[in-house]
Amino acid sequence: MYKINIDKIQKAILEKLNKTETEIAKNVVSEVVDVINPIAGVSVATFNTFLSNFDECKINHLLYGLSRGLDMEKQINELYNYVCSSSARAFIVGNIFKETLAAESLKVCVILGYIISKHLDNKSDFTRDELIVCKALENANDYDLENFEILMKNCVREEKDGRKKIIYDIDDPEVISGYELTCEWCVYNRMFTEEVTEWEEITDESPNILDLSTHYYIKKTTDILVDLINDVKQIWDY
C-alpha cells in the first residue's frame, strides 16, 4: 500500500516541475527502478532484485522517520499535498529521495524522513542551512554520526571572539584519527571551517607533542544536525 502511495508522490513531483526542471529531475526519481550493469557471474535479475530490496529498505527507514509514530497513511498523504503545493518543494523532496537512496547509513534515512515531516506540520519551506545538512547526510556513515555527537557534546570550546572551536577531549591517537576524519567530513560539507594561520604553520616546532586543540571551527549548520539527531535518537532502530 505504501509503495503505491510513494509511486504517486514520485509522479506528482515530476508533474509539478516544468519541462526544463523535469529533464533535470528524471534522475532523482528514476534511481528507484534503474537497472545497472551486473557484476560478472551475477544474473541481472538477481542483482536487480537485491538493489530493489535494498532501496526499499532505505525508503522504509525514511518513512519511519517521516511517521514518527504517527499515522503513516496520513503522513504520506500530507507529503503528497506538500509536493503538489509548489515546484520548488517537489524538487527538494525529490532530491531528498535521491539522497536517501545514496545514503551510507540507515540512521541517515530516518533523519531525512524526519526532517521532511517537520515541514509537513506547518507547510514550511526548507532553509538553505537545512539543505546543506541534508546534502551532508548523504555521505555520512554511522561512525561520522557517532563522532559528530561526541565532538558537539564534549569538544566545543568558545573562544574570546565568540567563535566555537573543536578541542579534542582525549589524547588517544586512534580516537583522534577518527575525530579527524569526521571533522574533515564536516569541513567538506560546510558545517565546519578549518583555519590554519601562517604563524601556526611556521612556529610548529614540537610535532611530537600531541596538541588537543584543532583548527576546526563550527558553523551554525551544526546546530540543525545536533537537534535532528537528538530528536530521532529515540526512534532509531538499532
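Glu78 is buried, with a relative accessible area of 18%. Here buried means under 20% relative accessible area, exposed means over 50%, and partly exposed lies in between, using a 1.4 Å probe and protein chains only. The model is predicted, so local features need pLDDT of at least 70 and side-chain atom pairs count only at pLDDT 80 or more, while totals for chains, interfaces and linings use all residues. Residues are numbered from 1 along each chain as its sequence is written, and side-chain values use heavy atoms, with hydrogens and water left out.

## Salt bridges

A salt bridge is counted when a side-chain nitrogen of Lys or Arg is within 4 Å of a carboxyl oxygen of Asp or Glu. By this rule the structure has 8 salt bridges. The table lists some of them.

| Pair | N to O distance |
|---|---|
| Glu78 and Lys123 | 3.0 Å |
| Lys135 and Glu138 | 2.9 Å |
| Glu149 and Lys233 | 3.1 Å |

The bridge of Glu78 and Lys123 ties together parts that are 45 residues apart in sequence, because Glu78 lies in helix α4 and Lys123 in the loop between α6 (106–122) and α7 (128–138). Helices (H or I, at least four residues) and strands (E, at least two) are DSSP runs, numbered from the N terminus.

Lys135 and Glu138 both belong to helix α7, where a spacing of 3 residues separates them by about one helical turn. Lys135 counts as partly exposed, at 47% relative accessibility.

Glu149 and Lys233 form a salt bridge with their closest N and O atoms 3.1 Å apart. Glu149 is in helix α8 and Lys233 in the segment after α11 (221–232), so this pair ties together parts that are 84 residues apart in sequence. Both residues are partly exposed: Glu149 has a relative accessible area of 25%, and Lys233 has 36%.

Elsewhere, Arg128, Asp129 and Lys220 are linked in a network of salt bridges.

Contact means heavy atoms within 4.5 Å. Leaving aside neighbours within four places in sequence, Gln75 is in contact with Leu66, Ser67, Arg68, Leu70, Ser117 and Leu120.

In helix α8 (residues 142–154) lies Glu146, which is partly exposed at 48% relative accessibility. The C-alpha atoms of Glu146 and Ile229 are 10.0 Å apart in space, and the two residues are 83 apart in sequence.

## Aromatic rings and charges

A pair of aromatic rings is described by the distance of the centres and the angle of the planes. Rings of Phe, Tyr and Trp (its six-membered ring) pair if their centres lie within 6.5 Å; planes under 30 degrees apart count as stacked, over 60 as edge-to-face and the rest as tilted. The structure holds 2 aromatic pairs. One of them is the edge-to-face pair of Phe148 and Trp185, at 6.4 Å centre to centre with 90° between the planes. Phe148 lies in helix α8 and Trp185 in helix α9 (residues 173–188), so this pair ties together parts that are 37 residues apart in sequence. Phe148 is buried at 0% relative accessibility, and Trp185 is buried at 7%.

The rings of Tyr168 and Tyr179 have centres 5.3 Å apart and planes at 45°, so this pair is tilted. It links distant parts of the chain, with Tyr168 in the loop between β2 (164–167) and α9 and Tyr179 in helix α9, 11 residues apart. Tyr168 is buried with a relative accessible area of 4%, and Tyr179 is buried with 4%.

A charge sits over a ring if NZ of Lys or CZ of Arg is within 6 Å of the ring centre and within 35 degrees of the ring normal. The charged end of Lys8 is placed in this way over the ring of Tyr80, 4.5 Å from its centre. Arg163 lies over the face of Tyr217, at 4.0 Å from the ring centre.

## A further positive phi

Arg190 is not a glycine, yet its phi is positive at about 65°. Arg190 is in the loop between α9 and β3 (192–194).
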